[in-house]
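Subject: Structure for you to look at

Hello,

I am passing on the structure we spoke about, and below it you will find some notes to read alongside it. Please keep it open while you go through them.

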Amino acid sequence: MSKLLILGTANGLTMREWSDDGWRVSRQGQSGLIGLRVTSAAARDGVMLAGTRDGVFRSDDLGITWRDASRGLSTRYVRWLAIHPDNNNIVLAGTEPAGIYISKDGGLSWRTCPEVAMLRDQRGWSLPYSPEAGCVRSFAFHGQRVYAAVEVGGVLVSEDSGESWRLADGSQEVTFYPPKGAIHPDVHSIEVHPSSRNIVYAPTGGGFFRSGDGGATWTLRYRCYCRAVWVDPNDPEHILLGVADGVDANGRIERSRDGGLTWQPASHGLEVPWRRHMVERFTQVGDELLAVLSSGDLIAAPLGTLEWRNIMPDIRGVNVVTWLTL
């Protein structure tokens with residue numbers, strides 16, 4: 001069974017079809033949205049959605065044609081898109097400045113979640129590299145429970161599949177020196193373990209945090225700068241983390257088998273530390289793990305060996321990877 005790999009780049013979106021036999025390219029797919037910076041992408045059952053700095057675009061024919069799908073999206077800069085794993089009609093968009101929009105028709109139209117904008121304005125969310133008031137850059141689903149990562153603002157929680165949102169109890173303190181039990185507010189991504197809606201992981205600008213009570217309290221498991229985490233769906237203690245000493249400084253990959261209490265190098269096949277970049281996102285595709293680097297390069301490794309290699313060096317400026325089974 002082959003897979004269609006969908007890569008959002010600084011200049012449009014490219015697709016490559018891969019076979020399960022050694023990840024060999026079988027043919028080059030279509031390209032689209034040339035001239036647009038694709039910041040996020042989501043795909044399910046033949047439908048593709050691409051988030052850009054100028055709204056959302058949708059394809060119903062495996063990327064051959066695209067149409068604007070931004071009706072109701074008053075903030076056009078989309079930082080992250082996610083399709084609810086249990087309901088294809090529910091799609092969430094996180095924006096810059098920080099906002100969340102929900103679609104209940106598969107991404108054809110959107111409505112804002114006004115409580116997020118209210119929290120943003122009341123609590124003074126911000127970004128260190130932009131004049132905008134923060135951004136929402138990741139979602140994690142577990143049934144009707146959804147988490148959202150806010151840079152710089154903390155963690156949001158929804159109990160109704162993204163219809164409404166509240167600030168997690170452990171995110172009440174918007175300070176870069178959070179007290180015990182609180183999370184650093186510069187949250188770059190969020191993951192929830194399939195075994196429990198309360199086991200949550202968050203890479204932040206102030207370290208890697210883990211919660212066992214749905215974000216009410218947090219424990220710092222690694223003092224570092226990090227943006228990306230992969231958690232073994234079969235073992236909540238088995239974690240891969242994209243670690244750095246600072247923003248894009250001395251990036252590398254490390255692994256923990258005890259939930260983050262201890263860490264070992266997991267950068268086999270790579271010349272690390274990378275002096276000026278780091279892992280931006282992890283994406284599991286079958287038995288392979290792909291990593292988008294902040295340099296725009298793409299690397300991959302079998303989960304069984306974690307022997308990393310560069311893939312598709314001809315595609316530059318990769319921002320995001322997602323996939324469909326064909």
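This is a predicted model: local features need pLDDT of at least 70, side-chain atom pairs count only at pLDDT 80 or more; totals for chains, interfaces and linings use all residues.

Residues are numbered from 1 along each chain as its sequence is written, and side-chain values use heavy atoms, with hydrogens and water left out.

Helices (H or I, at least four residues) and strands (E, at least two) are DSSP runs, numbered from the N terminus. Strand β10 covers residues 99-103, and because five of its five residues are buried, it is largely enclosed by the rest of the structure; buried means under 20% relative accessible area, exposed over 50% and partly exposed in between, with a 1.4 Å probe and protein chains only. In a regular strand the side chains alternate between the two faces of the sheet. Here G99, Y101 and S103 point one way from β10, and I100 and I102 point the other way.

Two strands pair if DSSP finds at least two bridges between them. Strand β9 (residues 91-95) pairs with β10 in the antiparallel sense over five bridges, with V91 bridged to S103, and a hairpin of three residues joins β9 to β10. β10 also pairs with β11 (residues 111-112), antiparallel over two bridges, where I102 has R111 as its bridge partner.

R137 lies in strand β12 (residues 135-142) and is buried, with a relative accessible area of 5%.

Best wishes
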